[in-house]
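Here is a briefing on one protein model. It covers aromatic contacts, charges over rings, and the strand and helix layout.

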Amino acid sequence: MKRRVAAGLLALACLLILTGAARFSDVPEGSWYAQPVGEMAAKGLISGYPEGVFGPGDPITAAQFVAIAARCAGLAPVPGQTGHWAAGSLQAALQAGWYDWDEIPPTGERFDQPISRQLAVKILMRALLPQARGDYNTESRKIRDFSQLDGRYYEPVLAAYASGVVSGDNLGNFNPQNGLSRAEACVMFLQAIRRSGGVQTPTAVPEPPPPAAAAQGGVSEHGWLQVIGTQLCGEDGQPVVLRGMSSHGIQWYGQYASPQSIQNTAQYGANLFRVAMYTGENGYLSNPAAIRQKVIQAVDGAIACNLYVIIDWHILSDGDPMTCVTQAEAFFAEMAERYRDQPGVLYEICNEPNGAVTWEGNVKPYAQRVIAAIRKSSPRSVILVGSPTWSQDIHLAAQSPLEEDNLMYTLHFYAGTHGEELRRRVDSALAKGLPVFVSEWGTSRADGSGGVFLEESAQWLDFLDRRGISWANWSLCDKNETSAALRPGTSPDRAWSREDLSQSGAFVFSRFAMS
């Protein structure tokens with residue numbers, strides 16, 4: 001055991017390049033994995049332990065798997081956040097969108113832990129076969145234990161089955177939560193390499209073109225908004241940027257969606273207000289008549305203040321938007337009819353899809369139905385569409401966007417949790433022509449607490465400003481959390497002074513009118 005532990009620390013760090021004629025003493029000829037291991041070693045993509053063994057049955061770690069994937073894809077390392085031997089490759093893979101920060105945190109605590117099969121397949125497919133797809137009905141039938149697969153991995157696993165990169169065991173199980181041996185990983189990598197056309201050369205994510213100078217100002221200045229390319233524009237076709245606040249859940253903090261509160265944000269320079277109408281959490285689905293009236297009051301208050309206003313169908317615990325698609329169609333049809341002549345109203349149709357949902361299987365078909373309901377009465381309004389993983393998977397929408405005009409795709413971030421990897425995802429989406437709108441962001445961690453992370457928040461807002469991306473901050477309330485914009489006890493029924501603003505609120509309000 002001591003030999004293995006010591007050797008494991010050096011194994012891939014040493015990157016011993018083997019020749020095609022080399023043989024590992026523990027890889028017997030004729031074994032099911034001998035040829036893939038030999039071929040991967042001959043290509044310089046894997047290495048063994050210093051004493052000439054490979055450890056085919058050893059579990060492959062997250063660091064080892066990502067490092068091999070980076071070599072196969074030609075992904076150059078970038079500065080990492082730790083001194084770990086693979087930190088550079090892991091950071092590069094994270095920034096390339098191969099996996100998310102919560103799956104393998106860049107702080108290193110999971111680098112040397114075994115990687116699960118479902119995460120390994122996701123990384124492999126995004127690294128080498130990002131365009132591959134698998135039909136849900138066809139491929140899911142091949143996976144006997146499909147119900148054990150986490151929803152965020154549906155698409156890559158189905159694509160891997162359809163491409164022949166992976167297959168089940170002799171019982172037809174994929175065992176998505178289990179680990180992967182080093183020998184099994186070699187087989188998967190070799191299959192993907194063959195189907196992708198060979199080991200890749202480095203490719204850089206293209207920078208999006210710089211946007212034209214975007215104007216601020218409200219509805220009276222810009223009228224009906226439209227999406228031209230990736231840019232939000234006014235009725236005259238000139239670029240526009242919206243900056244403002246999101247309410248908290250109006251079933252809890254509806255007093256801060258009052259006419260006076262909305263007017264207060266406008267007086268500080270905001271030109272946008274987002275009405276967060278939770279569907280669950282004792283929100284609209286529990287009390288539709290009362291919550292609908294709160295929405296109408298807030299929207300009318302924003303219109304009276306010359307602000308653009310987002311009506312937000314705020315799914316959270318009900319993470320699959322298809323669960324309540326019929327109710328969503330009816331609600332948005334009613335709102336679109338009510339505000340059909342109001343150029344300032346935007347519709348955010350699914351706040352944060354999460355859990356066992358996919359873009360192709362859940363969010364996209366939901367969006368198609370709800371967009372059609374809105375367009376019957378409001379053909380010109382801008383509609384905002386979320387994506388899986390709490391509106392962070394915009395790269396999936398960029399691969400298969402909706403065929404509609406005047407759509408934008410929402411990205412949500414919290415400055416204490418999300419950083420460079422998500423910004424690179426924005427640039428990649430923009431480069432593919434996907435219009436992005438940040439309909440929710442916070443100065444805290446993703447749970448609303450921690451911080452306030454002012455340096456990270458400024459970095460994010462500078463990034464958005466350079467790209468002409470609009471945003472709404474979470475949230476306009478006095479809740480005892482660091483993301484709240486108001487100090488506890490602040491009255492919603494009077495004008496606010498600087499002393500009424502929290503540390504987060506003071507920072508955010510200072511950024512409304514920046515160009």
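**Aromatic core and barrel**

Trp-460 and Phe-463 are both buried (under 20% relative accessible area; exposed is over 50%, partly exposed in between, with a 1.4 Å probe and protein chains only). The model is predicted: local features need pLDDT of at least 70, side-chain atom pairs count only at pLDDT 80 or more, and totals for chains, interfaces and linings use all residues. Residues are numbered from 1 along each chain as its sequence is written, and side-chain values use heavy atoms, leaving out hydrogens and water.

**Aromatic pairs**

- Rings of Phe, Tyr and Trp (its six-membered ring) pair if their centres lie within 6.5 Å; planes under 30 degrees apart count as stacked, over 60 as edge-to-face and the rest as tilted.
- The count by this rule is 22 aromatic pairs.
- Tyr-161 and Phe-174 have ring centres 6.0 Å apart and planes at 75°, so they pair edge-to-face.
- Tyr-161 belongs to helix H7 (residues 154–163) and Phe-174 to the loop between H7 and helix H8 (182–196), so this pair ties together parts 13 residues apart in sequence.
- Tyr-161 and Phe-174 are buried.
- The Trp-460 and Phe-463 rings are also edge-to-face, because their centres are 5.8 Å apart and their planes at 85°.
- Both residues of that pair, Trp-460 and Phe-463, lie in helix H18, 3 residues apart, about one turn of the helix.
- Ring pairs link a cluster of Tyr-268, Phe-413, Trp-441, Trp-460, Phe-463, Trp-471, Phe-509 and Phe-512.

**Charges over rings**

- A charge sits over a ring if NZ of Lys or CZ of Arg is within 6 Å of the ring centre and within 35 degrees of the ring normal.
- Arg-423 places its charged end over the ring of Trp-460, 4.9 Å from the centre.
- Arg-182 has its charged end over the ring of Phe-54, 4.5 Å from the centre.

**Barrel and helices**

- Helices (H or I, at least four residues) and strands (E, at least two) are DSSP runs, numbered from the N terminus.
- A closed barrel of 8 strands runs E3-E4-E5-E6-E7-E8-E9-E10, with parallel pairing (at least two DSSP bridges between two strands).
- Strand E4 (residues 272–278) and strand E5 (residues 308–314) run parallel, joined by 7 bridges.
- Val-275 stands opposite Ile-311 in E5.
- Helix H18 (residues 454–467) lies across strand E3 (243–247), E8, strand E9 (436–442) and strand E10 (471–476), at about 165° to E9.
- Contact here means heavy atoms within 4.5 Å; axes are lines fitted to C-alpha atoms, for helices over the stretch in contact, with angles from 0 to 180 degrees between N-to-C directions.
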